[in-house]
Amino acid sequence: MPTTPPIILSLDPGTKEIGVAVFCGRELCYYAVKTLRCRRPPEALLAEISRMVTEIIARYAPQELALEGLSRLQARSALVRLAARNIQQTARRAGLAVYVYAPAEVRRKICQRENATKRATAARLVVRFPELARYHEPATRWGALYWAHMFAAVAVGWLHGQEVYGTEDPR
């Protein structure tokens, strides 16, 4: 009896923006960058993150969370570590299985080469998901940094789907 793959919520954690992607089987059914407005005090930031994650879970009813792990630079920030932990706790309270992937591992596996860049990873994802093309070459440096969060979320969710459910390669 065939079973359908679960809905996967994937996130790129941060304290200013959070990249979001939702996979319904092999389809990318939602993608966005959520801007966090309430950054001080830290308790308010964590409450906003929890509310945002809870709203996405309520809307899409995912069974799993694929989370991009923190880079070395991000891991130095206590607040970013708290934000990532808050996301995991919120997802677990909602009954989601949580999977964390190292950023370099995600890029390496998607691009199938060592030292793959975020830009190369985004280019691979655009081949599989043409609807993302308009975000791949933004006109400003700010735009590139902003949409990189969404591409990171799509990348980690797609990798999770590939590794766990055998979805096709994004070439």
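A116 touches R107, R108 and C111, leaving aside residues up to four places away in sequence, where contact means heavy atoms within 4.5 Å. This is a predicted model, in which local features need pLDDT of at least 70, side-chain atom pairs count only at pLDDT 80 or more, and totals for chains, interfaces and linings use all residues. Residues are numbered from 1 along each chain as its sequence is written, and side-chain values use heavy atoms, with hydrogens and water left out.

- With a relative accessible area of 9%, A116 is buried, a term for values under 20%, with exposed over 50% and partly exposed in between (1.4 Å probe, protein chains only).

**Helix α4**
- The buried residues of α4 are P103, V106, I110 and C111.
- Seen down the axis of α4, these residues fall within an arc of 105°, so they line one face of the helix; the arc is that of the directions from the helix axis to the C-beta atoms.
- The buried residues of α4 pack against β4 (64-68), β5 (97-101), α5 and α7.

**Packing of α5 and α7**
- Helix α5 (residues 118-128) and helix α7 (residues 141-165) pack at an angle of about 70°, with their axes 10 Å apart, the axes being lines fitted to C-alpha atoms, for helices over the stretch in contact, and angles running from 0 to 180 degrees between N-to-C directions.
- T121, A122, L125, V126 and R128 in α5 meet F151, V154, A155 and W158 in α7.

Technical notes. Helices (H or I, at least four residues) and strands (E, at least two) are DSSP runs, numbered from the N terminus.
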